[in-house]
Amino acid sequence: SGRYFGTAVAASKLGDSTYVGILNREFDMVTAENEMKMDATEPNQNQFSYGNADRIVNQARGQGKRIRGHALAWHSQQPGWMQNMSGTALRNAMLNHVTQVATYYRGKIYAWDVVNEAYADGSGGGRRDSNLQRTGNDWIEAAFRAARTADPGAKLCYNDYNTDNWSHAKTQGVYRMVQDFKARGVPIDCVGFQAHFNSGNPVPSNYHTTLQNFANLGVDVQITELDIEGSGSSQAQQYQGVVQACLAVTRCTGITVWGIRDTDSWRASGTPLLFDG
C-alpha cells in the first residue's frame, strides 16, 4: 500500500531473542533510538563512529525492512565538542556532520529526519532558541540542501512534537516553514509528527485535519515516535484514532511506534506501547 509500520530499536537489545522476534514479525520499518544522533555518530569532531548504528541498519536490511534515519541536526544530544560552538564554526560543523553521515548511509535510508525539534513550545509559533538557530535563520534549509546533495534518494523530513493540533501556534509555525520551503524549492519531502500522547495531551480531535493540511502542501506525512500513555480501552481507542487519521490521508506513508515493549520505553511507567514486558 506504500505505507509502513515501524518501531524504534536500540542496538543494545538486539541480543534479546524475544525483542528481535517481535521486531522481525511485526514491523517493516526501523528507526535507531539513539544510535544515529549527533553525539553517537560524531563523538569527536571529524571522528565518526557508526558501529552501533550499523548493527541496527544491518539487522533491518537483512530482514528487508526500511530504515528511517534519525536525526542529522538537533539542538539536543549534541556531542560535547559541538555544544559550546557558535557562529560560522558551528554552522560548518553542522553541515559537515549532515554531509558525512548522510553520505555514509547513502542508498540505505528510506527517510531522514534532517532537522529535529527546531520550533519553540508555547504560543509564539517561532523557532526554538538554540546554538544552531543562532547561526542564522537559514540553518534548517542549509541542512536540507546538504542532505539532498549527500543522499539524493532519501526522503528528507522535518520532525517535531506537539504539532498534532492544527490550532496550536507551534503547528502553524512549522506549517508556514514547510509552505515557504516548497514555494522556494528547498528540498523537503516529508514532515514527521512525533505523536507522544498522554492524558494531559491526548490525540486531538482535529488530528486528521493537521495531517491532511500538511499533505496538501505536497509533502508526505509520517507519524514517527508514537506512544500513548494509559491502559485499557481508552488507550486502544487513541491508538485506533491515530491509525485511522493516517489511513484517511493518502500521503500518510507510515507510522512508527517509539519502542516495542512497555519496558523498552522512555516512559515505561506509563505503559505506552503495543506489547507489555
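Predicted model: local features only at pLDDT ≥ 70, side-chain atom pairs only at ≥ 80, totals over all residues.
# A guided walk through the structure

Leaving aside neighbours within four places in sequence, E141 is in contact with F181, R184 and V186. E141 sits in helix α6. With a relative accessibility of 16%, E141 counts as buried, because the cut-off for buried is under 20%.

F144 and F181 are arranged edge-to-face, with 6.1 Å from centre to centre and 70° between the planes. F144 belongs to helix α6 (residues 139-150) and F181 to helix α7 (residues 169-184), so this pair ties together parts that are 37 residues apart in sequence.

How many aromatic pairs does the structure hold? There are 13 of them. Another one is formed by F48 and Y50, whose ring centres are 6.1 Å apart and whose planes meet at 10°, so this pair is stacked. F48 is partly exposed, with a relative accessible area of 21%, while Y50 counts as buried at 11% relative accessibility. Ring pairs also link F48 and Y50 with Y104 and Y105 into a cluster.

Let us turn to the strands. Strand β3, which covers residues 66-74, is mostly covered: eight of its nine residues are buried. Which strands pair with β3? One is strand β2 (residues 29-32), which pairs with β3 in the parallel sense over three bridges. Within this pairing, M29 has R66 of β3 as its bridge partner. Another is strand β4 (residues 111-116), which runs parallel to β3 and is joined to it by five bridges. Here W74 stands opposite N116 in β4.

Next, look for M85, which is found in the loop between α4 (80-83) and α5 (87-104). At 17% relative accessibility, M85 counts as buried. Not counting residues up to four places away in sequence, M85 touches Q45, L90, A93 and N131.

Now for the disulfides. How many does a search of the whole structure find? It finds two. One of them joins C157 to C190, with 2.0 Å from S to S. C157 lies in strand β5 (residues 155-160) and C190 in strand β6 (residues 190-193), so the pair ties together parts that are 33 residues apart in sequence. The torsion about the S-S bond of C157 and C190 is about -80°, so this disulfide is left-handed. Both cysteines, C157 and C190, are buried.

The other disulfide joins C246 to C252, with an S to S distance of 2.1 Å. For C246 and C252 the torsion about the S-S bond is about -100°, so this disulfide is left-handed. C246 and C252 are both buried. When the bonded cysteines of the chain are numbered in sequence order, the pairing reads 1-2, 3-4.

C246 also brings us to the last stop, helix α9, where C246 is one of the buried residues. Does the length of α9 agree or disagree with what its residues should span? The helix has 16 residues (232-247), which at 1.5 Å a residue should span 22 Å; its end C-alpha atoms are 23 Å apart, which agrees. Along with C246, the residues Q235, Q238, Y239, V242 and A245 of α9 are buried. Seen down the axis of α9, the buried residues fall within an arc of 125°, so they line one face of the helix.

What do the buried residues of α9 pack against? Their partners are β7 (196-197), α8 (207-215), β8 (220-228) and β9 (252-257). On the other side of α9, the residues G232, S233, Q237 and L247 are exposed.

Technical notes
Residues numbered from 1 in each chain as written. Heavy atoms only, no water. Disulfide = S-S within 2.5 Å. Helix = DSSP H or I, 4+ residues; strand = E, 2+ residues; numbered from the N terminus. Buried < 20%, exposed > 50% of the residue type's maximum accessible area, 1.4 Å probe, protein only. Pairing = 2+ DSSP bridges. Expected span 1.5 Å × (residues − 1). Arc of directions from axis to C-beta. Contact = heavy atoms within 4.5 Å. Phe/Tyr/Trp six-rings, centres within 6.5 Å; stacked < 30°, edge-to-face > 60°.
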